[in-house]
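Let's walk through this model together, from single residues out to the whole chain and back again. Keep the viewer open and follow along.

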Amino acid sequence: MLIPKSFEYKTKAMLWGSEFINGIRRDLVAALILIYFIFLSHDVLAVTTLFAASRLVFLFFEFPTGAFADHYSRKKSVIISFILMGIAFLGIFIFKNFWYIGFFYILHH
């Protein structure tokens, strides 16, 4: 006899599954960006410092963007986010200067 899973169990499983997939995506992008920076002959210490700084910027902008989404709409927030991510990926691969790429990498987060 099959015992049906509770709604709470399924919800938690979906949350943790999506967090796992998102973590893999984030780490994969970071690894590829690191290889890309090294391929462009940028200093590894500067690149890893950029990664740490981007996490701090992400942390500081997490709350204002959440407030924007709560006040206006989540749909607008997601659309703006995807537009900025598209611009960021385009900028990362157009420019070769470390500071330009760093700006677009931070914009990506």
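## A walk through the model

Leu45 counts as exposed, at 59% relative accessibility; here buried means under 20% relative accessible area, exposed over 50%, and partly exposed in between, with a 1.4 Å probe and protein chains only. You will find Leu45 in helix α2. Leu45 and Phe103 are 58 residues apart in sequence, and their C-alpha atoms are 17 Å apart in space.

Before going further, a word on what you are looking at. This is a predicted model, in which local features need pLDDT of at least 70 and side-chain atom pairs count only at pLDDT 80 or more, while totals for chains, interfaces and linings use all residues. Residues are numbered from 1 along each chain as its sequence is written, and side-chain values use heavy atoms, with hydrogens and water left out.

How confident is the predictor? The protein averages a pLDDT of 85, and 96% of the residues score at least 70; pLDDT is the predictor's confidence in each residue, from 0 to 100. Confidence is lowest in α2, at a mean of 84, and highest in helix α4 (residues 98–108), at 88. Where pLDDT is low, the predicted coordinates should not be read in detail.

Now step back to the whole chain. The protein has four helices and zero strands, where helices (H or I, at least four residues) and strands (E, at least two) are DSSP runs numbered from the N terminus. The protein is more spread out than a compact globule, because its radius of gyration is 18 Å, well over the 13 Å that the globule rule gives for 109 residues. That radius is taken over C-alpha atoms, and the rule is 2.2 Å times the number of residues to the power 0.38. Along its principal axes, the C-alpha trace spans about 60 × 35 × 20 Å.

Of the 109 residues, 20% count as buried. The protein exposes about 8,500 Å², with carbon and sulfur atoms supplying 76% of it; these areas come from the Shrake-Rupley method with a 1.4 Å probe, and for residues only the protein chains shown count as cover. Among contacts with a separation of 6 or more, 56% come from residues 24 or more positions apart, a contact being heavy atoms within 4.5 Å.

Is His108 buried or exposed? His108 counts as buried, because its relative accessibility is 8%. The residue sits in helix α4. Leaving out residues up to four places away in sequence, His108 touches Arg25, Val29, Met85, Ala88 and Phe89.

Next, look at the loop between α1 (7–39) and α2 (44–71), where Ser41 is found. Ser41 has 66% relative accessibility, so this residue counts as exposed. Its phi is near 65 degrees, a positive value in a residue other than glycine. Most residues other than glycine have a negative phi.

Two more stops complete the tour. Ser81 belongs to helix α3 (residues 74–94) and is partly exposed, with a relative accessible area of 36%. The C-alpha atoms of Ser81 and Gly102, 21 residues apart along the chain, are separated by 18 Å. Lys5 lies in the segment before α1 and counts as exposed, at 51% relative accessibility. From C-alpha to C-alpha, Lys5 and Lys76 are 34 Å apart in space and 71 residues apart in sequence.
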